[in-house]
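Here's a quick tour for anyone meeting this structure for the first time.

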Amino acid sequence: MDNPPISKMNSQPSSSPSHNPPSKSQEPSTPSSLNYYHPSPSRTIYSDRFIPCRSASNFALFDISPPPPPPQSDTARGEDNSSSSAAYTALLRTALFGSDLGFVVPPGTPDKKSFSVNTSPASQNIFRFKSETRQSLHSLSPLGFDDHSPGVSHSPVKAPRKVPRSPYKVLDAPALQDDFYLNLVDWSSHNVLAVGLGNCVYLWNACSSKVTKLCDLGIDDSVCSVGWAQRGTSLAVGTSNGKVQIWDASRCKRVRTMEGHRLRVGALAWSSSMLSSGSRDKSILQRDTRAQQDFVSKLNGHKSEVCGLKWSYDNRELASGGNDNRLFVWNQHSTQPILKYCEHTAAVKAIAWSPHVHGLLASGGGTADRCIRFWNTTTNSHLSCMDTGSQVCNLVWSKNVNELVSTHGYSQNQIIVWRYPTMSKLATLTGHTYRVLYLAISPDGQTIVTGAGDETLRFWNVFPSPKSQNTESEIGASSYGRTHIR
């Protein structure tokens, strides 16, 4: 905007001698040079002072009142500058110190003591490229703000992370058993899903969607559990005959068969090269896949079938749950449990160690219990309990955020995403028509797969990626479909 010509009232000094006293070190040549200045008639005078035109400014963007009409005197200009300075000072004081010092009265003109908002169409020219954003003043401040400070606009509260309520993929899984005590689904670090269907094990590659039949145990045997090694392509398969088979999934070749149990093997857990197997015969066998013998130690303590096994992330503690309503914790060398928890009133199959806090263990009880309990194995203390209202079948902790997922059976067959430690529900997912007995999490920690007696596997995006937390994940949403696992 070009500088407009300034009127003689603003460009010429006052005729009063008191406004421009002469310098003591300089003697005026004539009396007329002391008080007056005579410009050339042909010369246009421009002042170095710029007075902006605010008539079309949109002051509603800043939540402050528009200034009074352009002043016609030095006194009016002084009042305008004073009002603007007072408004800025009040807003700055609120942003820096909050409103604890008392109620801050918004500055106003002598005729108007409250803010007014000018929303006329003629005043939309200021910051037109951001006119729809309406960014508040305190959003620019690095020092925070008080939501209740008068005169300061409120920014919208950050919305909670949205979890898609529908699965992005559904796989048909014929002959997926509806048995609470089995563990028939696991997801490898190489992004391959293993599923036990009847007497066969199938592999589904999550990258290519290719399905491979790994093995067939025959009509006299059936798959009761599957478990991937933490690294590599080794897959353990527990059978109804009490045997554990080790397979190299990359070559679809069986490496060895280990015995030791008298009844079915429904739970498996890896710790490096160590494999733990839990059986209906109430025992847990510790197997070293590098050794020739079938097992190196036997853990006794449960009075009924062992249906849950999980090693801690540091591979120092093993948690086991049984149909005797007991939760035990073992170390690497013990043959008797070092910790015993008896608070559950139903079978304990759901077990999950926190990847965020050392020694934090979560467990879930069956139909008669319905509770998720949290334990500190370092201090041997019971931390909290949450009644979920239905049978707890599985638990898994997110490695990206401090949240966990539980799957449920009787009577609601739901999937719940919890925020820890408040245990507030982020989402409740439904779709299965039978108990959600099986649960596994993808290697990137964003996707879970659930399986049920309705013979379906459903894939859900429930957790954010490590680099984009608190954002909605839409991976796979466009590939919704239903296919067969075999």
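Which side chain meets that of E305 in a salt bridge? The side chain of R280 does, at 3.4 Å from N to O. Keep in mind that you're looking at a predicted model.

**Salt bridges**

- Ten salt bridges turn up in the structure.
- Back to E305 and R280, with their N to O distance of 3.4 Å: E305 sits in the loop between β13 (297–299) and β14 (306–311), while R280 sits in the loop between β11 (274–279) and β12 (284–288), so this pair ties together parts that lie 25 residues apart in sequence.
- E305 has a relative accessible area of 5%, so it's buried, whereas R280, at 40%, is partly exposed.
- That pair also belongs to a network of salt bridges that links D179, R264, R280 and E305.
- K243 and E259 make another salt bridge through their side chains, 3.8 Å from N to O. K243 is in the loop between β7 (234–239) and β8 (244–248), and E259 is in the loop between β9 (253–258) and β10 (265–271), so the two tie together parts 16 residues apart in sequence.
- Both partners are partly exposed: K243 has a relative accessibility of 33%, and E259 has a relative accessible area of 42%.
- R251 and D248 also meet in a salt bridge through their side chains, at 2.8 Å from N to O. R251 counts as exposed, at 52% relative accessibility, but D248 counts as buried, at 14%.
- As a bit of background, side chains of opposite charge can pair when their charged atoms come close.

**Strand β16 and its partners**

- Is strand β16 (residues 327–331) largely enclosed or open? Four of its five residues are buried, so the rest of the structure largely encloses it.
- β16 runs antiparallel to strand β15 (residues 317–322), and five bridges join the two.
- To find the pairing by eye, look for S320, whose bridge partner in β16 is F328.
- Four residues lie between the strands in the hairpin of β15 and β16, and N325 in this hairpin takes a positive phi near 70°.
- β16 also pairs with strand β17 (residues 339–341), again in the antiparallel sense, over three bridges.
- Here, L327 stands opposite Y341 in β17.

**Surface patches**

- Which residues form a positive surface patch? They are R262, K282, K298, K303 and K340.
- One of them, K298, has its place in strand β13 and counts as partly exposed, at 41% relative accessibility.
- Y88, L92 and L96 make a nonpolar surface patch of about 300 Å².
- L92 belongs to helix α3 (residues 74–97), and with 36% relative accessibility it counts as partly exposed.

- Some background first: most residues other than glycine have a negative phi, and most peptide bonds are trans.
- The peptide bond from Y410 to S411 is cis, with omega near 10°. You'll find S411 in the loop between β23 (403–408) and β24 (415–419).
- Y420 and P421 are also joined by a cis peptide bond, with omega about 10°. P421 is in the loop between β24 and β25 (424–429).
- N191 isn't a glycine, yet it has a positive phi of about 65°. Its spot is the loop between β2 (185–187) and β3 (192–197).
- S209, a residue other than glycine, has a positive phi too, near 65°. S209 lies in the loop between β4 (200–205) and β5 (211–216), and its relative accessible area of 40% makes it partly exposed.

Methods: Residues numbered from 1 in each chain as written. Predicted model: local features only at pLDDT ≥ 70, side-chain atom pairs only at ≥ 80, totals over all residues. Heavy atoms only, no water. Buried < 20%, exposed > 50% of the residue type's maximum accessible area, 1.4 Å probe, protein only. Pairing = 2+ DSSP bridges. Salt bridge = Lys/Arg side-chain N within 4 Å of Asp/Glu carboxyl O. Patch = residues over 30% accessible without salt bridge, like charges linked within 9 Å, V, L, I, M, F, W, Y side chains within 5 Å. Areas by Shrake-Rupley, 256 points an atom, 1.4 Å probe, with all protein chains shown as cover. Lys, Arg positive; Asp, Glu negative; His and termini not counted. Charge placed at Lys NZ, Arg CZ, Asp CG, Glu CD.
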